Amino acid sequence: MDSKGIPATIMYPAGGGKHPTILVLSGSEGGKSLERACLLASKGFTTIALAYFNYNGLPDYLIKIPLEYFPKQLEQLRFHRAVNLENLAVTGASKGGELSLLLGAHFQIFKAVVAYVPSAVVWSGIDYTGTAPIQSS
């Protein structure tokens, strides 16, 4: 775990202080989306690249990840010197874009959602073994 036991990397502009904050989600590759988080941080945002699968100590596959995981992890970062949960957005691409839309629809903590190439529907998880049961929402 990277940031106080949370599987996240936090990036922020030089100069200190709290900045508008963006939760940056990976897609079907899992892990952390560090490149997009770095790019957004260079534009003046605090970014939180949060892993939710395919990362140390987390599920190997994109299966049965509870939506409640995300606000729980963010709450633990409330007192980080650069994180502003009062001005929070979420972004992701592909499966991360789908997740971003779900998070924005379910949790009022997110003030903005930017989803790149998301699906218009919620699809089942992905385990790459062909054994995952199809789940409906």
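How much accessible surface does the protein have, and what share of that surface belongs to carbon and sulfur atoms? The accessible surface comes to about 7,400 Å², and 57% of that area belongs to carbon and sulfur atoms. Accessible areas here come from the Shrake-Rupley method with a 1.4 Å probe, and for residues only the protein chains shown count as cover. This is a predicted model, in which local features need pLDDT of at least 70 and side-chain atom pairs count only at pLDDT 80 or more, while totals for chains, interfaces and linings use all residues. Residues are numbered from 1 along each chain as its sequence is written, and side-chain values use heavy atoms, with hydrogens and water left out.

View 1. Let us start with the overall layout. Read along the sequence, the elements follow the pattern β-β-α-β-α-β-α-β. Helices (H or I, at least four residues) and strands (E, at least two) are DSSP runs, numbered from the N terminus. Of the 137 residues, 44% count as buried; buried means under 20% relative accessible area, exposed means over 50%, and partly exposed lies in between (1.4 Å probe, protein chains only). Contacts, meaning heavy atoms within 4.5 Å, also tell us about the fold. Among contacts with a separation of 6 or more, 63% are between residues 24 or more positions apart.

**View 2. Helix 3 and the elements that cover its buried residues.** Helix 3 runs over residues 95-106, and its end C-alpha atoms are 17 Å apart. Why does that distance agree with the number of residues? At 1.5 Å a residue, the 12 residues should span 16 Å, which agrees with the distance in the model. The expected span is 1.5 Å times one less than the number of residues. The buried residues of helix 3 are Lys95, Gly96, Gly97, Glu98, Leu99, Ser100 and Leu103. What covers them includes strand 2 (21-25), helix 2 (69-75), strand 4 (88-93) and strand 5.

View 3. Now zoom in on one pair of side chains. Glutamate 98 forms a salt bridge with lysine 95, with the closest N and O atoms 3.3 Å apart. A salt bridge is a side-chain nitrogen of Lys or Arg within 4 Å of a carboxyl oxygen of Asp or Glu. Glutamate 98 counts as buried because its relative accessibility is 7%. Leaving aside neighbours within four places in sequence, glutamate 98 is in contact with Pro118, Ser119, Val121, Val122 and Trp123.

**View 4. A salt-bridge network of Glu75, Arg78 and Glu86.** How many salt bridges does the structure hold? There are 3, and those that share partners join Glu75, Arg78 and Glu86 into one network. Glutamate 75 meets arginine 78 with the closest N and O atoms 2.9 Å apart. Arginine 78 also forms a salt bridge with glutamate 86 (3.3 Å, N to O). Glutamate 75 is partly exposed, with a relative accessible area of 41%, and arginine 78 is partly exposed at 26%. Glutamate 86 counts as exposed, at 57% relative accessibility.

**View 5. An aromatic cluster of Tyr52, Phe53, Tyr69 and Phe70.** Rings of Phe, Tyr and Trp (its six-membered ring) pair if their centres lie within 6.5 Å; planes under 30 degrees apart count as stacked, over 60 as edge-to-face and the rest as tilted. By this rule there are 3 aromatic pairs. One of them joins tyrosine 52 and phenylalanine 53 edge-to-face, at 5.2 Å centre to centre and 65° between the planes. Both tyrosine 52 and phenylalanine 53 are buried. Tyrosine 69 and phenylalanine 70 also form an edge-to-face pair, with 5.0 Å centre to centre and 90° between the planes. Tyrosine 69 is buried, with a relative accessible area of 14%, and phenylalanine 70 is buried, with 1%.

**View 6. A nonpolar surface patch made by Val114, Tyr116 and Val117.** The patch is about 300 Å². Patches are made of residues with over 30% relative accessible area and no salt bridge: like charges are joined within 9 Å, and nonpolar side chains (Val, Leu, Ile, Met, Phe, Trp, Tyr) within 5 Å. Valine 117 is found in the segment after strand 5 (110-116). Valine 117 counts as exposed because its relative accessibility is 66%.
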